[in-house]
Amino acid sequence: MKKGNIRRQTFYDNFKDKYDLLEWTIRSMMEDDIISNLDYLSWEEIIPLVFYDIEINARFFRSVIADQTEVDVVKEISLYMTTLLLHILETKGLVKNDQARDFVETYSLGMTYTMTNNLYKPHPKEYDELSKKVVNAIYFTFKYY
């Protein structure tokens with residue numbers, strides 16, 4: 001707010017409450033990582049961006065996951081991961097494939113839990129290691145398509 005030279009109240013007038021701000025923050029991060037890159041980067045490049053963003057903002061995510069229940073952080077992130085996976089289906093011509101859509105529905109949530117659960121491990125894995133596993137799993141899933 002100091003850098004933007006705006007008053008605190010002016011900033012908060014844009015949100016209903018702190019949970020609305022939290023949702024906006026998460027959505028904004030995911031839109032920057034995923035939506036804005038869909039036409040420019042491959043999905044293999046986007047996944048590490050998301051994992052990196054979660055890692056560098058680990059303190060924020062640990063805090064909002066542990067300290068409140070009003071915003072389902074995992075669900076918010078998972079919605080964007082679903083968008084990314086649906087994009088992969090589009091590129092492979094599988095959007096109308098029910099099995100592929102079932103995969104997207106379940107895997108996006110699993111991918112999000114992989115990211116967020118890593119935040120709580122005593123020795124968390126590096127983002128690049130986790131993202132490679134996710135990319136490999138997606139390749140495995142679609143190797144026959």
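Predicted model: local features only at pLDDT ≥ 70, side-chain atom pairs only at ≥ 80, totals over all residues.
View 1. Gln-68 touches Tyr-19, Leu-22 and Val-73, leaving out residues up to four places away in sequence. Gln-68 sits in the loop between helix 4 and helix 5. Its relative accessibility is 11%, under the 20% limit, so Gln-68 counts as buried.

**View 2. Polar contacts of the Gln-68 side chain.** A polar atom of this side chain lies 2.6 Å from the backbone oxygen of Val-64. The side chain of Gln-68 also reaches the backbone nitrogen of Val-71, at 2.8 Å.

**View 3. The largest nonpolar core.** This core has 37 residues. Met-30, Ile-34, Ile-47, Ile-77 and Ile-138 have the most contacts inside it. Two or more residues come from each of helix 2 (18-33), helix 3 (43-56), helix 4 (58-66), helix 5 (73-91), helix 6 (98-118) and helix 7 (127-142). Helix 5 gives the largest share, eight residues. In soluble globular proteins, nonpolar side chains tend to be buried together.

**View 4. Contacts of Ile-34.** Ile-34 is in contact with Ile-46, Val-50, Tyr-80, Met-81 and Leu-84, neighbours within four places in sequence set aside. Ile-34 is among the core residues with the most contacts inside the core.

**View 5. The protein chain as a whole.** The chain has seven helices and zero strands. Its C-alpha atoms fill a box of roughly 55 × 35 × 25 Å along the principal axes. Of its 145 residues, 35% count as buried. Among contacts with a separation of 6 or more, 70% join residues 24 or more positions apart. The chain exposes about 9400 Å², with 51% supplied by carbon and sulfur atoms. The mean positions of its 18 positive and 23 negative charges are 4 Å apart.

Note on methods. Residues numbered from 1 in each chain as written. Heavy atoms only, no water. Core = buried A, V, L, I, M, F, W, Y, C linked by side-chain atoms within 4.5 Å. Buried < 20%, exposed > 50% of the residue type's maximum accessible area, 1.4 Å probe, protein only. Helix = DSSP H or I, 4+ residues; strand = E, 2+ residues; numbered from the N terminus. Contact = heavy atoms within 4.5 Å. Polar contact = N/O pair within 3.5 Å; in protein donor to acceptor, adjacent residues only side chain to side chain. Areas by Shrake-Rupley, 256 points an atom, 1.4 Å probe, with all protein chains shown as cover. Lys, Arg positive; Asp, Glu negative; His and termini not counted. Charge placed at Lys NZ, Arg CZ, Asp CG, Glu CD.
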